There are 2 protein chains.
Amino acid sequence: MKQYIQTNNQRFLDELFSLLRIPSVSSLEKHKGDMHKCAERLVELLTEAGADHAAVYPTAGHPVVYGHKTVDPSLPTVLVYGHYDVQPVDPIELWHSDPFEPEIRDGAIYARGANDDKGQLFMHIKAFEFLVRTGTLKHNVKFILEGEEEIGSPSLAAWASANKELLKADIILVSDTTMISESVPSINCGMRGLSYVEVKVTGPNKDLHSGHYGGAVANPINVLCDMISSLIDQDGHVTVKGFYDEVVELSAEDRAKLSRAPFDIEEYKEFLDIKEVKGEKGYTTLERTGIRPCLDVNGIWGGYTGEGAKTVLPSVAHAKISMRLVPNQDSATITRLFEEHFKSIAPDYVKVEVTPHHGGDGFLIPISSPAYKAAEKAMTEVYGVEPVPSRGGGSIPILADLQRILGIDPLLMGFGLERDTIHSPNESYLLKQLYAGMEAIALFYRYY
Amino acid sequence: MKQYIQTNNQRFLDELFSLLRIPSVSSLEKHKGDMHKCAERLVELLTEAGADHAAVYPTAGHPVVYGHKTVDPSLPTVLVYGHYDVQPVDPIELWHSDPFEPEIRDGAIYARGANDDKGQLFMHIKAFEFLVRTGTLKHNVKFILEGEEEIGSPSLAAWASANKELLKADIILVSDTTMISESVPSINCGMRGLSYVEVKVTGPNKDLHSGHYGGAVANPINVLCDMISSLIDQDGHVTVKGFYDEVVELSAEDRAKLSRAPFDIEEYKEFLDIKEVKGEKGYTTLERTGIRPCLDVNGIWGGYTGEGAKTVLPSVAHAKISMRLVPNQDSATITRLFEEHFKSIAPDYVKVEVTPHHGGDGFLIPISSPAYKAAEKAMTEVYGVEPVPSRGGGSIPILADLQRILGIDPLLMGFGLERDTIHSPNESYLLKQLYAGMEAIALFYRYY
């Protein structure tokens with residue numbers, strides 16, 4: 001594969017850049033046309049790579065791209081999952097180059113989606129192409145590439161339920177996660193789930209002059225701050241009633257195994273330029289993101305936010321709040337518990353609305369499976385180090401759904417790094433990770 | 001004056017509308033040209049009304065309009081203060097008509113500035129015109145109309161200091177406040193001061209994926225909410241250290257006098273559509289806005305605030321926070337105390353910046369003065385009820401400055417009503433208040 005990458009390097013970059021140039025932001029209505037354009041481009045790439053069939057399939061939301069190559073029905077089948085939609089780019093002013101005009105700087109591709117997930121799914125298409133063109137493909141391969149991962153995959157579960165036969169496979173192979181560090185490859189064997197809500201707190205029925213009413217009428221921003229502040233206690237516990245009821249505490253043995261992952265807290269703080277970390281009492285930083293649930297405000301707004309000063313006592317205040325969940329916490333239940341709790345703590349002088357956004361459950365996958373073993377061998381060969389089994393803090397809620405619907409375990413071979421700052425300005429992906437990923441994926445097929 | 005208003009009604013409206021059509025938003029750089037246009041238009045109106053001299057005077061910021069008519073230097077001089085700048089119009093989508101294209105609906109003019117303060121200062125120009133044209137003006141009159149009241153009058157104090165001789169007068173007459181209700185005229189004999197700051201809380205040095213870092217890294221929005229929440233305690237007291245040190249407690253007698261002002265708490269709650277009021281323990285609603293200081297968040301923003309969901313753990317969160325002050329609290333001192341307090345409560349895992357915006361002291365004026373007595377008589381004649389002396393919750397910080405610089409007391413004959421929703425969408429001004437104001441001002445000159 002190394003040789004093949006060298007020979008085809010420029011074409012690979014041209015093809016990947018053609019994907020990155022399409023602003024397929026799934027959450028914004030105005031990019032609806034771009035979603036279709038991106039899906040069509042993927043069909044072309046799959047077909048050119050050697051798929052027997054590849055097409056755009058409509059769903060209730062953004063379309064799904066499905067393609068396959070059947071070598072021999074009796075051979076094992078690998079279902080590759082990826083997503084071609086990307087996060088919004090704001091704050092756009094912090095980007096050093098156009099998010100939709102990829103640039104290579106210091107050995108990395110800078111663009112929205114460079115890693116998440118266009119860059120990572122592209123590795124699968126190229127590894128597949130290599131195996132087809134060199135006549136070494138010994139598996140049936142299926143691709144399912146969705147356009148709604150960043151908005152919680154509202155359509156894919158239904159589409160998968162309706163197309164169970166088409167998606168039949170032995171393993172779901174996914175590259176949409178990170179490794180522990182450049183020198184420490186890892187394979188994700190669990191992801192957190194997600195519950196995401198938007199809240200609206202209404203005080204008076206109109207914006208008021210803060211001089212005339214200030215001190216006498218509850219200010220919905222102050223009240224929202226009070227309410228948010230009460231959601232996490234002094235020890236970093238989420239106070240939503242029932243929040244921890246279904247959380248399975250890890251055994252001391254499992255916690256010890258996890259703690260073997262190399263982690264330098266000083267490097268971590270330096271990377272983020274923070275003096276102190278903060279989280280749930282009694283857990284390490286890796287445990288806080290790996291095995292413990294949490295609550296974060298992802299956005300807040302209300303009142304006057306323009307330049308200068310405006311003395312307004314606003315009518316409403318809003319926040320987007322998400323909770324990361326661990327296996328056994330049910331996303332729908334947590335969303336309901338949050339809504340009940342948030343309404344129960346609302347004081348008399350405001351009205352509160354809670355609107356659920358997307359959510360999804362977490363999951364765990366067995367380290368003992370043949371697929372995990374094959375991935376381990378492949379990564380060891382590429383990196384010269386045995387990969388560490390890790391627990392991902394992020395969420396790919398649809399994977400828990402696909403696992404349930406199709407009865408197939410996912411395997412997460414992710415090649416992203418912390419430095420890639422996915423979801424943030426200046427998302428990037430190291431070329432050496434792009435190439436290492438292609439190699440490791442090709443080797444996975446050899447050992448699986 | 002009644003007759004004069006009837007005869008000239010259409011011209012009056014045309015002239016006022018010509019002012020309201022100019023979007024003189026002082027806080028927004030893009031309206032700089034409009035500020036000049038509005039100042040020029042006022043010079044025209046003053047000149048047409050009968051001023052000997054009227055001109056636009058540059059300042060370090062938006063220009064000042066000054067004009068005068070000298071009848072006889074030995075007669076008393078009235079200095080009319082007003083401001084031609086207006087508040088921003090957002091949220092623009094809540095306006096039922098263009099904020100800068102005035103409309104009359106149900107006996108009220110709807111436009112930004114209809115009341116605050118273009119409508120109210122216009123009454124003074126027309127009362128002056130009436131006195132001039134009918135040969136009944138027995139005072140020297142000076143007009144000082146500024147373009148920076150809504151941003152804290154950063155330039156007028158310096159301009160007034162440099163032009164003390166020009167501004168020499170016996171009383172500062174101002175219409176920029178409200179009456180208690182349509183049927184209960186009142187004269188403001190005190191205003192609250194203001195301290196206004198902007199705060200910025202920085203956590204990690206970049207936006208992060210909330211899945212990868214959530215639970216382990218302090219979220220600046222959550223931290224900002226914690227900090228804001230701690231600024232007001234359970235009893236509604238502001239917790240900023242030293243905040244109440246200089247507040248003079250009113251005597252039981254004074255509180256009893258204030259409580260005589262008619263006030264219906266049920267009507268008040270219904271008007272605002274709130275179930276409960278909220279404020280400092282031990283004080284009534286009128287006291288909370290009249291004689292007690294308070295703290296309000298005027299704006300808050302951070303993270304993702306667009307449509308849909310984005311799982312970001314943001315790098316920064318911002319808020320605009322203002323404190324209304326009562327006489328004897330020094331605005332600069334309070335701003336400093338706030339800054340010290342806010343920094344002192346910042347946890348180790350964030351960085352905090354505090355930027356002061358404008359501020360100003362409160363003031364009190366004597367009810368026993370001849371000017372107050374003249375205003376009282378004038379309003380009694382127009383409304384058929386003796387006006388109530390009231391304490392305004394809002395702030396006109398420049399008046400405390402002018403009082404100090406020029407050594408003249410201000411007199412606040414305001415004709416606004418709560419229903420006018422100044423600073424909010426659909427600002428309006430009742431035509432009958434516009435006309436009653438003109439009459440009362442003309443009568444003030446008769447009795448002063």
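Me: In which sense do strand 4 and strand 5 of chain A pair, and over how many bridges?
Reply: In general, strands of a sheet pair through backbone hydrogen bonds, either parallel or antiparallel. In this predicted model, strand 4 and strand 5 (residues 108-110) of chain A are antiparallel, with three bridges. Strands are DSSP runs of E with at least two residues, helices are runs of H or I with at least four, and both are numbered from the N terminus. Two strands count as paired if DSSP finds at least two bridges between them.

Me: What is the order of the strands in the open sheet of chain A?
Reply: The order of its three strands is 4-5-18. Strand 4 (103-105) and strand 18 (428-430) of chain A are at the edges with a single partner strand each, so one side of each has no neighbour in the sheet.

Me: Is Asp106(A) buried or exposed?
Reply: Asp106(A) is exposed, at 78% relative accessible area. Buried means under 20%, exposed over 50%, and partly exposed in between (1.4 Å probe, protein chains only). Ser153(A) also has a positive phi, about 50°, but is buried at 5%.

Me: Which residues does the cis peptide bond of chain B join?
Reply: The bond joins Asp90(B) and Pro91(B), with omega about 5°.

Me: How are residues and chains labelled?
Reply: Residues are numbered from 1 along each chain as its sequence is written, and chains are lettered from A in the order in which they are written. Local features need pLDDT of at least 70, and side-chain values use heavy atoms.

Key: This is a predicted model: local features need pLDDT of at least 70, side-chain atom pairs count only at pLDDT 80 or more; totals for chains, interfaces and linings use all residues.
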